[in-house]
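Come along as I look things up one by one.

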Amino acid sequence: MKVSKGRIIFQCFNYTFLFLVMVICLYPVLYVLAASVSNYEFLAKGKVGIIPMGFTLSAYKRILSYPMLGRAYFNTFFYTIAGTIISMLLSALAAYPLSRQPFPGQKFMSKVVVVAMLFSAGIVPTFLVVTKLHMYNTIWSILLPSAMSSFNVILLKNFFQQIPYELEESAALDGCSQMRILFKIILPLAMPGVVTVGLFYAVAQWNSYFPAMLYLRDRSLIPIQIILRDIVIQSQTTDLAIDLVKGSDQISESVKYATIIVATLPIMLVYPFIQKYFVKGIMVGSVKG
Amino acid sequence: MRNMKKAGKKMKLTNKAEKKKKLKIRRYMPYYIMFIPVLAYYVIFRYIPLIYAFIISIIKYQPGKGIFNSKFVGFDYYLQFIKSKFFLRLIRNTLAINFLQLTIGFVAPIILALLLNEIGRKRYKKLVQTVTYLPNFISSVVVVSMIVTFLSPSTGLINNIREHLGMERINFLTEPRYFWIIYTLMTIWQTAGYTAIIYLAALTGINSELYEAAKIDGAGRWKQLWYVTLPGISSTIVLMFLMKVGRVLDVGYDTIILMYNPSIYSTADVIGTYVYRRGILNSEYSFGSAVGFFQSIIGLLLVILANKLSKKYTETSLW
């Protein structure tokens with residue numbers, strides 16, 4: 001088949017354009033990385049691009065010397081792991097019955113999940129309920145109120161539905177209880193789906209800052225995102241921020257960049273490996289949405 | 001005698017039915033038990049707040065007093081909001097930002113997916129996909145941090161470029177007129193790659209015979225795009241649109257809270273941020289609940305309307 005001239009021009013344009021799109025997506029990340037290890041003088045003059053100038057690790061050294069930051073980092077890890085476990089457990093318990101053959105009450109269950117997606121109460125009443133439950137300023141305020149996402153439940157349901165119904169039936173005939181079927185048969189078989197949805201929850205929890213801002217007053221409970229907000233966006237006011245950034249000087253600018261990197265690093269490191277699960281998740285989710 | 005026999009038969013029948021019912025319930029019991037924690041979650045964190053929102057919004061709620069001792073005020077808080085001098089501004093900002101999201105923000109990932117679909121080299125396609133998807137994993141705090149540093153009037157990259165070109169430095173984040181576009185571009189940067197994957201999934205689902213048939217009929221690339229590709233992903237497009245409409249009033253207020261400051265409230269303040277400031281920061285719980293509830297109702301109505309229209313004209317709908 002002959003390739004027309006227009007087609008060639010188009011393809012050239014297309015490849016170049018998409019290359020530029022990639023540059024736009026990557027540049028900010030690479031810039032922050034370079035800036036975090038660059039000497040302040042170059043940074044102030046705006047000379048740093050994506051290649052570090054006057055390589056130094058002093059910003060990271062300073063970060064390391066602040067125990068508060070380590071604490072926040074630990075908190076974020078804890079919230080992410082504990083939150084994901086709770087979320088997955090609840091979501092599996094919701095998705096499993098929804099994925100089975102129709103039975104009385106299933107419609108009601110699905111309404112419970114879906115209506116919440118369409119209609120949200122808003123932050124004020126949720127805040128009041130959380131406070132009433134004495135969760136304010138405790139780890140539960142981070143772990144529980146946002147534990148379930150209806151979208152993720154539906155996604156998990158779609159994954160469960162791909163497992164042949166006969167499997168479950170024969171297990172039931174062998175006298176397997178439903179709980180066992182869920183944990184011993186469905187979950188292992190739907191592993192790619194479980195991993196995908198788990199990652200959705202984990203990334204969301206790692207990146208979330210709003211509940212922490214809303215509910216946590218105790219500095220020993222806050223996650224890394226809050227510290228990041230304090231020192232980079234608000235250039236602020238909290239003791240830690242003053243120590244860390246305003247303290248003496250010059251490297252404060254690099255400290256900001258270094259904190260961004262530290263807060264994003266774990267995700268960037270696992271991204272290449274988990275990326276394919278996300279793509280899969282999106283596809284399954286969108287097929288039967 | 002006969003009657004008694006009949007009655008007995010009836011009883012037997014109901015007994016049987018009951019037994020069947022019992023058996024059924026017993027069979028499905030595990031499902032119901034499993035659902036208890038889920039139901040508890042949804043009731044406590046989603047549905048009670050919903051009822052709570054409404055109740056609090058029609059009384060003058062003071063936390064010390066409790067609901068029953070607070071004064072009933074009806075729809076006073078709703079009226080107070082509608083009559084306030086910020087009402088129009090908040091509605092305008094919320095709608096304007098959404099309009100940009102539903103136009104530029106909506107088309108961008110579709111174009112990205114269409115262009116990606118034209119790439120023959122699988123590896124390059126995969127690379128672009130992976131890289132454009134990356135920003136979706138970066139937290140909004142980090143994204144806003146980057147925006148703040150890039151747009152910084154003294155050291156920011158954009159202003160350095162402007163200076164090079166002989167233009168003056170601008171403090172973008174304190175100038176009201178730039179906010180809408182900054183926010184829109186930021187969300188496109190964050191989400192276009194992710195959304196494009198959804199469209200790509202739909203694109204790969206199009207039957208290749210359709211293209212062959214179109215070619216035989218003499219359709220060029222543009223015609224194929226128009227008559228095969230776009231119709232092929234139209235239901236996905238409609239669904240995505242409906243889902244976006246569902247969040248219309250719920251614009252990413254948590255991101256805007258990070259970005260805005262009093263000097264750009266005139267364009268950056270949306271309903272969500274206003275609820276946060278009045279309801280949470282000022283502890284005006286009743287007023288905040290009223291505004292939040294108002295927003296939810298309008299949002300729900302919009303989805304229902306959009307869904308109806310879509311059902312009528314495109315035969316695609318959310319439910």
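How many helices and strands does the secondary structure of chain A come to? I looked this up to begin with, keeping in mind that the model is predicted. Chain A has 15 helices and zero strands.

**Entry: inside chain A**

I checked burial next, and 43% of the 289 residues of chain A count as buried. Then I looked at contacts in chain A with a separation of 6 or more, and found that 69% of these join residues 24 or more positions apart.

**Entry: a pair of helices**

I picked helix 5 (residues 106–118) and helix 8 (residues 150–161) of chain A, whose axes come within 9 Å and cross at roughly 140°. Angles over 145 degrees would count as roughly antiparallel, so at roughly 140° helix 5 of chain A is oblique to helix 8 of chain A. I also noted that the crossing of these two helices is left-handed.

Which residues make the contact? From helix 5 of chain A I wrote down A:Val113, A:Val114, A:Ala116 and A:Met117, and from helix 8 of chain A they are A:Ser150, A:Phe151 and A:Val153. Sorted by class, this contact has six nonpolar residues, one polar and no charged ones.

**Entry: where chain A meets chain B**

My last stop was the neighbouring chain: 64 residues of chain A are in contact with 65 residues of chain B. On the side of chain A that touches chain B, the largest share is from helix 15 (residues 252–288) of chain A, with 10 residues. I sorted that side of chain A by class too, and it has 48 nonpolar, 14 polar and two charged residues.

Key: Residues numbered from 1 in each chain as written. Chains lettered and ligands numbered in written order. Predicted model: local features only at pLDDT ≥ 70, side-chain atom pairs only at ≥ 80, totals over all residues. Contact = placed C-beta atoms within 7 Å. Helix = DSSP H or I, 4+ residues; strand = E, 2+ residues; numbered from the N terminus. Nonpolar A, V, L, I, M, F, W, Y, C, P; charged D, E, K, R; others polar. Buried ≥ 20, exposed ≤ 12 C-beta atoms within 10 Å, placed from the backbone. Axes fitted to C-alpha atoms, helices over the stretch in contact; angles between N-to-C directions. Parallel < 35°, antiparallel > 145°, perpendicular 65-115°, else oblique. Left-handed = near helix turned anticlockwise from the far one by under 90°.
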